[in-house]
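Biologist: I would like to learn how to read the features of a model. Please take me through one, feature by feature.

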Amino acid sequence: PDSWWHRPWAYVVAGGLIMGLALGIRHATGIFQVPITMSNGWTREAFGFSIAVQNLVWGLAQPLTGMLADRFGSRRVIVAGLIFYAVGLALMSIAATPWAFTLSAGLCIGIALSGTSFGVIYGALSRMVPPDRRSWALGLAGAVGGFGQFAMVPLAQGLIELLTWSGALLALAVTCAMFLPLALPMRESASPSAAHGADQTMREALKEAFRHRGFWLLNLGFLACGFQ
């Protein structure tokens, strides 16, 4: 019989949990602002700049991580993303200057998000399930991920009260490392559609996207969200 991680429920739930952790920590970042800025004597602008860099790096790195997932498999990209997340959170806890904080919270975690969020997870699940079950898989993964995002905020607040903000960041870093086994089921097999697009270069893919009206409308929607 197939191992448990080869069953659809396993990789759908695993993908949802990884997304919930990654996006949940990101959503909880705001509650770290006051303790971090007050403890280090930084301005709110320094903290906000780091998170703005994180969003920009996430968006700019997403096509690259998507290309790597297509070429080497989503599981490797997810593992790398979780490692980047753990390292970034650990470095945030010891950052002594705003620039060090920007490199950890902005650059490192921005790259981590590109490998652990929608693009890579949904892309993998879309190839791992047959078309008639794709809506079920993406819907369930989204629901699990949404609950994870909801749960991470009070969890992070509790960790701050129990361990201080630096201890909370280290605890979240350890949690990211503990989630590494969840990448095990995320191994999609080659599909005819993937093989058909394997000869397309990134430049050709970007040109195709830029010519698509839906691509610009989607970016406009995310621009309104990210501009905040």
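What follows is a walk through this model by question and reply.

Modeller: Keep one thing in mind. This is a predicted model.

Biologist: Let us start with bonds between cysteines. How many disulfides does the structure hold?

Modeller: The general idea is a distance check. A disulfide needs two cysteine sulfur atoms within 2.5 Å. Here the structure holds zero disulfides. Cys108 is in none, and its nearest cysteine sulfur, that of Cys176, is 10 Å away.

Biologist: Now charges. How many salt bridges does the count come to?

Modeller: Look for a side-chain nitrogen of Lys or Arg within 4 Å of a carboxyl oxygen of Asp or Glu. By that rule the count is one salt bridge. Arg127 pairs with Asp70, and their closest N and O atoms are 3.2 Å apart.

Biologist: Which parts does the pair tie together?

Modeller: Place each partner in its element. Arg127 lies in helix H6 (residues 118-128) and Asp70 in helix H3, so the pair ties together parts that are 57 residues apart in sequence.

Biologist: How does the accessibility of the partners read?

Modeller: Arg127 has a relative accessible area of 24%, so Arg127 is partly exposed. Asp70 is at 57%, so Asp70 counts as exposed.

Biologist: And Arg71?

Modeller: Arg71 is also found in helix H3. Its relative accessible area is 63%, so Arg71 is exposed. Sequence separation and distance can be read as a pair of values. Arg71 and Met19 are 52 residues apart along the chain, and their C-alpha atoms are separated by 21 Å.

Biologist: What does that pair of values look like for Phe118 and Gly16?

Modeller: They are 102 residues apart along the chain, with C-alpha atoms separated by 9.5 Å. Phe118 lies in helix H6. Its relative accessibility is 35%, so Phe118 counts as partly exposed.

Biologist: Which residues is Phe118 in contact with, leaving aside neighbours within four places in sequence?

Modeller: Met19, Leu23 and Gly123.

Biologist: What does Ser104 touch, not counting residues up to four places away in sequence?

Modeller: Gly88, Leu91, Met92 and Ile109.

Biologist: Is Thr102 buried or exposed?

Modeller: Thr102 has 7% relative accessible area, so Thr102 is buried. Thr102 is found in helix H5. Beyond residues up to four places away in sequence, Thr102 touches Phe49, Ser50, Val53 and Leu107.

Biologist: Now a backbone angle. Which non-glycine residue has a positive phi of about 70°?

Modeller: Thr164. Check where such a residue sits. Thr164 lies in helix H7 (residues 134-178). Its relative accessible area is 45%, so Thr164 is partly exposed.

Biologist: Last, the surface. Which residues form a nonpolar patch?

Modeller: Look for nonpolar side chains with over 30% relative accessible area, joined within 5 Å. Here they are Leu64, Leu68, Phe72, Met202, Leu206, Phe210 and Trp216, with about 640 Å² of accessible area together.

Biologist: Which elements give two or more residues to the nonpolar patch?

Modeller: Helix H3 (44-72) and helix H9 (202-210). Met202 is one of the patch residues. Met202 lies in helix H9. Its relative accessibility is 33%, so Met202 counts as partly exposed.

Technical notes
Residues are numbered from 1 along each chain as its sequence is written. This is a predicted model: local features need pLDDT of at least 70, side-chain atom pairs count only at pLDDT 80 or more; totals for chains, interfaces and linings use all residues. Side-chain values use heavy atoms; hydrogens and water are left out. Patches are made of residues with over 30% relative accessible area and no salt bridge: like charges are joined within 9 Å, nonpolar side chains (Val, Leu, Ile, Met, Phe, Trp, Tyr) within 5 Å. Accessible areas come from the Shrake-Rupley method with a 1.4 Å probe; for residues, only the protein chains shown count as cover. Helices (H or I, at least four residues) and strands (E, at least two) are DSSP runs, numbered from the N terminus. Buried means under 20% relative accessible area, exposed over 50%, partly exposed in between (1.4 Å probe, protein chains only). Contact means heavy atoms within 4.5 Å.
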